[in-house]
Amino acid sequence: MTVDTVKYAADNPDVEQPYRELGLKDDEYARIREILGRRPTSCELAMYSVMWSEHCSYKSSKVHLRKFGDLPAETHRGKLLAGIGENAGVVDVGEGYAVTFKVESHNHPSYVEPYQGAATGVGGIVRDILAMGARPVAVMDSLRFGPADAPDTHRVLPGVVAGVGGYGNCLGLPNVGGEVVFDPSYAGNPLVNALSVGVLRHEDLHLAKAAGVGNQVILYGAKTGGDGIGGVSVLASESFDAATGEGSGGPAKRPAVQVGDPFMEKLLIECTLELFAAGIVVGIQDLGGAGLSCATSELASAGEGGMRVWLDRVPLRDTSLAPEEILMSESQERMMAVVTPADVERFLAICAKWDVPATVIGEVDASGRLTVQWLGEVVVDVPPRTVAHEGPVYHRPLARPDWQDTLQADVPDTLARPRSGEDLRATLLRLASSPNLSDRSWVTDQYDRYVLGNTVLAQPDDAGMIRIAEDSSLGVALATDCNGRYAKLDPYAGTQLALAEAYRNVAVSGARPLAVTNCLNFGSPEDPAVMWQFEQATLGLADACRELGLPVTGGNVSFYNQTGDQAILPTPVVGVLGVIDDVRQRTPQGWRTPGAAIYLLGSTREELAGSEWAHVAHGHLGGLPPRVDLAAERQLADVLVDVARDGLVEAAHDLSDGGLAQALVEASLRAGFGARVSLPEDLDPFVALFSESSARAVVAVRPESEVAFTDLCATRGVPYASIGVVTESGESARLAFAGLFDVPLAELRAAWTSVLPALFEA
Amino acid sequence: MRIGVVTFPGSLDDRDAARAVRVAGGEAVALWHADTDLRSVDAVVLPGGFSYGDYLRAGAIARFAPIMTGIIAAARGGFPVLGICNGFQVLCESHLLPGALVRNDRRKFVCRDQRLRVEKTSTFWTSDYAAGQEIVIPIKNGEGGYVADDSTLDRLEGEGRVVVRYVGDNPNGSYRDIAGISNEAGNVVGLMPHPEHAVETLCGPTTDGLGFFTSILNRLVATS
């Protein structure tokens, strides 16, 4: 097979190239030719096409994401140690520790091949965390599926859950939380957003750059195979051979979804941490999307010089791979490090100890260019920044959709509401046993939440909480949230509500919110309506982060989540990281002591548009989402953090989907204690139970703490109302609403827990 | 007292086992799969995880690790060994314990807080429990179904070698609800649930697992 070298490309400028099949537009291809002063070789074309893809270049989102970079890059604990643009943001949490966290989508692969798509989603985000110099300490998964009873959901969900679990469990990372949400808009477009968090000492921070002329570039981890090269095969099998008139001798088209090996990743983690500890890593980058193309160009681009790579040295699992495919391969469990020549031997010895293959495949030079050789011939010679950082930037047209007004005018006010105690009881049970609000144990019991021994809170708690080290009381809490229905009704407010909920969930656990990450899942950026949603979402998030004093430390964008012209609900998943000085002071979710008083914090308004009630009872979506009140969120969070520190509450749970009713159901079932509740008299009982007003929580307070607690709420201006008392556990435990109805916890538990097993156990 | 914890490639709960040893008052000593030196430890824990990825049968490759040669020989001579989860699988593959662990009957990984009954308290690892005591500790496995032929099961029960049994819902289809067993001498114990994850209330459901570690430490102190 002839190789398309730089020399050949220069001598044969008129060869037709399949850039359109690779997703490049005419003007993008023209720009590549202009940058290079000639046509690209097929290897160069492969690199540019994948690095300039939406996924890698953020070309449609970049102009909107800049807003996050304008936020102050600090938290109340100090300046960010690394921010947007690195593999993951790094936040100082005190005691010399830092935390890095990020969420990333693996939506499309998980639809094609649910198990491997989800598994490699976890693997990819964990390597991002590792590449910052951190030990990964936990994962979370934020999942969206089509209707719970749809046949395709039964194909996708079990595989996704098994994949998240199979990979994370085998890696030894506790899964401490996440979401599972069903909505028809995700049929054909499931969302698999994986989050990982890692812990490092400040001095252990590592960055992705190839510095120091003469330093060696080492590829280590799994061998390279044909995974994930998808469309790029067109180069090897069609264009070039066709162009040279030779037969198609290249490998057949390969599956576009990568296959994971969590055992190799576990070795890679331990091996990499030992390499960090040895102090012999100058720069490091994980290999994820766009494989070697991305790692080499990003490392070289961030360094001061250039890099040369001998591509034929890359250890292959499939020796028939063409150079274009090697550059593109998304084989998992690989890392690239830059090491001084003197340390290469030690580096290779540590890899050998962990049975991790490692090969010197290149070196840093002063050329200012990235050159790649294949069997002695130069097949790539490019300015690395043009590949990695100076891709196209689009100002896509955006337009508020014409249906937005109609949607917002379609308020839920006229929908039939339950009035009698009996009807309210039936509604509470119906919501608790709906797919979105029912018990998630069928999913989360497939995830190890105990491994590493530092899990303080895990789902179904409001936030996952991890002790930062065995010999410290310092901890971090994490929550991810998004209500896509709210975001559809108003993408600006909906995104702020997603942030507010995650922020509240972290505060409810007793941790002070510190920083934000996000995974913005939207339809096609070529649709002006979707682009408007996206712009509104980024504006909403940036504005709210500014008001709450939170930096955005990184994030991910996933576009093209749509079937035909039907986009998913805009789904800006927001992750909030919080810090708690003493994890022993965390607040659990469930009632624990009979006789404790139950308080409702915050203000309840009649806000049912986009609610779980409207969705479940009427299949209705219209109106405006609950009002955003960030000042109230902040006051509430301050109170929740302080009462945890001072030990004034023994349980707390945030109010969100399903309102007060669902919060009481969950807080009662968590540890099996009942409650006797008197709803506030100034509210219609239905509104009191099912409205989804934001900035609210319920807490349980022991009698001896009530005065101090209410004083604190009053001082901080947080509305509070005593609404009931915790009652006995055991067989006679009940959730009772004075004058309206009561439900035995046994009946409630049966309704709440049976849903997902009945759907997916068949 | 020095308790060794072996790390195989793919071991995951090794640090947790070491912590449990320390919480119980012992000295945890890291043992590396490729070494042959047992570093003068007084007992060994084979921890949970997915040794070598468990891509073959769980524990099937770990059993041939260099460190295991000495452990297997010593265990036959009365040296105390506790196998937790993957460690239990390794002990069965090593023929230090009879039977085998197979894929859960529900075909899914299961992680939950599991109620157990301690039935045998005369082993090296369970003497701090009361016979018949019920405890709750985490279980987390994909291949935790204990199987053996009827005569083996009859013999285990007849000789009182069922150390812990599942109470209530059997999580993985284990025959006769068996969660853990011992060898004849009681120095070798294997179980699927994870006592090392129930040694502090902060990060575990209970402290019910601590007894496994205090049992061996108390015994070692008494016999030293």
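Reader: How many salt bridges does the rule find across the interface of chain B and chain A?
Author: This is a predicted model. Side chains of opposite charge can pair when their charged atoms come close. One such pair is R449(A) with D113(B), at 3.9 Å, N to O. That falls under the rule because the cut-off is within 4 Å. Across the interface of chain B and chain A, the number of salt bridges is six.

Reader: Which elements of chain B each supply at least two residues of the side that touches chain A?
Author: Between chain B and chain A, 13 residue pairs are in polar contact, both residues at pLDDT 80 or more. On the chain B side, each of these elements supplies at least two residues: α1 (14-23), β6 (110-118) and β7 (134-141).

Reader: How do the residues on that side of chain B divide by class?
Author: The contact takes 31 residues from chain A and 29 residues from chain B. By class, the chain B side has 13 nonpolar, six polar and ten charged residues.

Reader: Which three residues supply more of the area that chain B buries against chain A than any other three?
Author: The two chains bury about 2600 Å² between them. Carbon and sulfur atoms carry 57% of that area. Of the area that chain B buries, 23% comes from three residues: L12(B), C111(B) and L202(B).

Reader: Which residues lie nearest the centre of the second largest pocket?
Author: This pocket has a volume of about 1500 Å³. Its lining takes two or more residues from each of α17, β15 (455-457), α23 and α26 (745-753) of chain A, and from β6 of chain B. By class, the lining holds 19 nonpolar, 13 polar and 17 charged residues. Of its 49 lining residues, those nearest the centre are R449(A), Q459(A), P460(A), R670(A) and D113(B).

Reader: What is the volume of the largest cavity?
Author: Rolling a probe the size of a water molecule over the atoms shows where empty space is left. The count comes to ten cavities of 30 Å³ or more. For the largest cavity, the volume is about 810 Å³.

Reader: Which element gives the largest share of the lining of the largest cavity?
Author: The lining has 48 residues, with G178(A), E179(A), R440(A), D481(A) and E501(A) nearest the centre. They divide into 18 nonpolar, 16 polar and 14 charged. Elements of chain A that each supply at least two include β5 (135-145), β17 (475-481) and α19 (491-508). The largest share, seven residues, comes from β6(A).

Reader: Which element gives the largest share of the lining of the second largest cavity?
Author: About 80 Å³ of space lies in this cavity. Its lining includes Y486(A), L497(A), E501(A) and R504(A). By class, the lining has three nonpolar, three polar and four charged residues. The largest share is three residues, and they come from α19(A).

Reader: How far apart in sequence are the parts that R716(A) and D642(A) tie together?
Author: The structure holds 62 salt bridges over all chains. In one of them, the side chains of R716(A) and D642(A) meet at 2.4 Å, N to O. R716(A) lies in helix α25 (residues 706-716) and D642(A) in helix α22 (residues 630-645), both of chain A, so the pair ties together parts whose separation in sequence is 74 residues.

Note on methods. Residues are numbered from 1 along each chain as its sequence is written. Chains are lettered from A and ligands numbered from 1 in the order in which they are written. This is a predicted model: local features need pLDDT of at least 70, side-chain atom pairs count only at pLDDT 80 or more; totals for chains, interfaces and linings use all residues. Side-chain values use heavy atoms; hydrogens and water are left out. Contact means heavy atoms within 4.5 Å. Buried area is the accessible area (1.4 Å probe) that two parts lose on being put together, summed over both. A polar contact is a pair of N or O atoms within 3.5 Å; within protein, one must be able to donate a hydrogen and the other to accept it, and residues adjacent in sequence count only if both atoms are side-chain atoms. Helices (H or I, at least four residues) and strands (E, at least two) are DSSP runs, numbered from the N terminus. Ala, Val, Leu, Ile, Met, Phe, Trp, Tyr, Cys and Pro count as nonpolar, Asp, Glu, Lys and Arg as charged, and the others, Gly among them, as polar. On a 1 Å grid over the protein atoms alone, a cavity is a set of points where a 1.4 Å probe fits but cannot get out, and a pocket is an open set with protein on both sides within 12 Å along at least five of seven lines; lining residues have an atom within 4 Å of a point. Grid points are joined across faces, edges and corners, and a volume is the space filled by probe spheres set on the points.
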